[in-house]
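Here's a quick briefing to read alongside the model. Keep the 3D view open and find each spot as you go.

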Amino acid sequence: FASRDDSTPLVVYDPAIAEWQYRQQLLMLDVEEALKSGDMWLEYQPKVNIRDGRTVSFEALIRWRHPEFGRVAPDQWIPLAEEFGIIHTVTLWVLDRACRDSHPLRAKHGQDLSIAVNVSAKDLAHSLFHEEAGAIVRRHKLEPANITLEITETAMMSDPETARATLHTLSTMGFRIALDDFGSGHSSLGALAQFELDELKIDRSFLEGVLDYPARQKIMIAAMELGTSLDLDVVVEGVEDEAIALWLHQFPGLHGQGYYWGRPFNLRLRNH
Ligand code: C2E
Ligand code: MG
Ligand code: MG
Ligand code: MG
C-alpha cells in the first residue's frame with residue numbers, strides 16, 4: 001500500500017505568494033491616506049421599482065484608484081481591511097460621505113429616497129458602532145430611517161449573537177436593515193426570522209439560467225415570495241438585460257438593481 005510521498009513539504013515558499021502578501025500589506029498601509037487624498041470615492045447605483053421604473057434608493061459603492069496598482073475592486077481589498085482591523089474607519093467614512101451626498105440625491109429623486117451603505121460583520125462587533133452611526137446621521141440633519149444598512153448573510157452568521165444585538169439596536173434607532181446577497185451564503189432559512197430586517201436582496205446568482213430552466217424559475221419565485229411573505233422589500237440584484245427585467249415585471253411590488261437600470265455612477269462627474 002503506497003502512502004503519499006511524505007517528503008513533500010506541506011508549506012512551500014512560493015515567491016509569487018510572498019509577493020502577493022507583501023503587496024496586500026502595502027495596500028492596507030495606504031487605505032487611510034486614500035480616504036483623505038481622494039484616491040477613494042463613492043459611486044451610487046439605483047435600486048428601482050420594477051413596475052414603474054422609479055428610483056427608490058441608491059447604494060453607495062466604494063471605489064479606489066491606487067497611484068501604483070491602479071483600480072482595486074472592493075472585493076479585492078474589503079476582506080483584507082476587515083482582517084487588518086481598518087474596516088471600521090472605512091465604514092464610517094462611507095456613511096459620512098453617503099449622508100452628505102444624500103442631500104443632492106434626495107433633492108433630485110424625492111425625499112423618501114433611501115441611501116444604502118454596506119456594513120461588515122466587524123462593524124457589527126464594534127460596541128460603539130450604533131452611537132457613531134447615529135451621530136454621523138444627525139450631523140448631516142438626516143434620520144436613521146433615511147439610511148439602509150446592507151449586511152451580508154455571511155456577516156450575520158459569523159457571530160450571530162453579536163450581529164443580532166447590534167442590528168436590534170440599529171433597527172430600534174430607525175435604520176433600515178437589508179440582508180445583502182441572500183442565497184449566496186450559508187445561512188439557514190430559519191435564521192431569516194431571527195434578524196429584524198426591512199429588505200431582502202436576492203443574490204444575482206439566482207438569475208443564472210432563470211429564463212431557461214423551470215426549476216431555477218421556481219427557486220427564484222420561492223425566494224421572492226419568502227421575502228414578500230415576511231413583509232420585506234424584495235430587491236433582485238444583478239439584472240443586466242431586458243429579457244429578465246420583463247420576466248420580473250409580472251411580480252408586483254418588486255424592486256431591482258443592476259446594469260439594466262443603471263450602473264454605479266460618480267455624482268461628481270455626472271449631473272444626477
Ligand atoms: P454588493 O453590496 O452586493 O454590491 C453589488 C455589486 O454588484 C457591486 O459591485 C455592483 O457594482 C455589482 N453590480 C451591480 N449591478 C450589477 C449587474 O447587473 N451585473 C453585475 N455583474 N454586477 C453588478 P462592487 O461595487 O464591485 O462591490 C462588490 C462588493 O464589495 C459589494 O457587493 C460589497 O459587498 C462590497 N463593497 C462595496 N462597497 C463597499 C463599502 O463601501 N463598504 C463595504 N463594507 N463593502 C463594500
Ligand atoms: Mg450591498
Ligand atoms: Mg449584493
Ligand atoms: Mg456582493
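With 272 residues, a compact globule would have a radius of gyration near 19 Å, and the protein's 20 Å agrees with that. That radius is taken over C-alpha atoms, and the globule rule is 2.2 Å times the number of residues to the power 0.38. This is a predicted model, where local features need pLDDT of at least 70 and side-chain atom pairs count only at pLDDT 80 or more, while totals for chains, interfaces and linings use all residues. Residues are numbered from 1 along each chain as its sequence is written, chains are lettered from A and ligands numbered from 1 in the order in which they are written, and side-chain values use heavy atoms, with hydrogens and water left out.

**The overall picture**

- The C-alpha trace spans about 65 × 50 × 40 Å along the principal axes of the protein.
- You'll find nine helices and nine strands here; these are DSSP runs (H or I and at least four residues for helices, E and at least two for strands), numbered from the N terminus.
- Of the 272 residues, 44% count as buried. Buried means under 20% relative accessible area, exposed means over 50%, and partly exposed is in between, using a 1.4 Å probe and protein chains only.
- Take the contacts between residues at least 6 apart in sequence: 67% of them join residues at least 24 apart. A contact means heavy atoms within 4.5 Å.

**Two magnesium ions**

- The magnesium ion (ligand 2) has E59 (OE), N118 (OD1), E150 (OE) and D180 (OD) as its protein donors, at 2.0 to 2.2 Å. Donors are N, O and S atoms within 2.8 Å of the metal (3.2 Å for Na, K and Ca), and water is not among the atoms, so sites may look incomplete.
- Along the chain, the donors of ligand 2 follow the spacing E-x58-N-x31-E-x29-D. Two of them, E59 in strand β2 (residues 55–66) and D180 in strand β6 (residues 176–182), are 121 residues apart, so to speak linking distant parts of the chain.
- E59 and D180 are both buried.
- The magnesium ion (ligand 3) is coordinated by D180 (OD), D181 (OD) and E237 (OE), again at 2.0 to 2.2 Å. The spacing of these donors in sequence is D-D-x55-E.
- D180 lies in strand β6 and E237 in strand β8 (residues 233–237), so this pair ties together parts that are 57 residues apart in sequence.
- How exposed or buried are these two? D180 is buried, with a relative accessible area of 4%, and E237 is buried too, at 12%.
- Which residue coordinates both ions? That's D180, and the two magnesium ions are 4.0 Å apart.

- Helix α1 (residues 15–37) and helix α2 (residues 74–83) have axes that come within 10 Å and cross at roughly 80°. Axes are lines fitted to C-alpha atoms, for helices over the stretch in contact, and angles run from 0 to 180 degrees between N-to-C directions.
- That makes α1 and α2 roughly perpendicular to each other, a label for angles of 65 to 115 degrees.
- On the α1 side the contact is made by Q24, M28 and V31, and on the α2 side by W77, L80 and A81.

- T91 lies in helix α3 (residues 87–109) and counts as buried at 5% relative accessibility.
- Leaving aside neighbours within four places in sequence, T91 is in contact with N118, V119, D123 and F129.
- S188 is in the loop between β6 and β7 (199–202), and it counts as partly exposed at 48% relative accessibility.
- K141 sits in the loop between α5 (129–139) and β5 (147–152) and is exposed at 73% relative accessibility. Its phi is near 55°, a positive value in a residue other than glycine.
- D231 is in the loop between α8 (214–229) and β8, exposed with a relative accessible area of 70%. Phi of D231 is near 65°, also a positive value in a residue other than glycine.

Notes: Angles under 35 degrees count as roughly parallel, over 145 as roughly antiparallel, 65 to 115 as roughly perpendicular and the rest as oblique.
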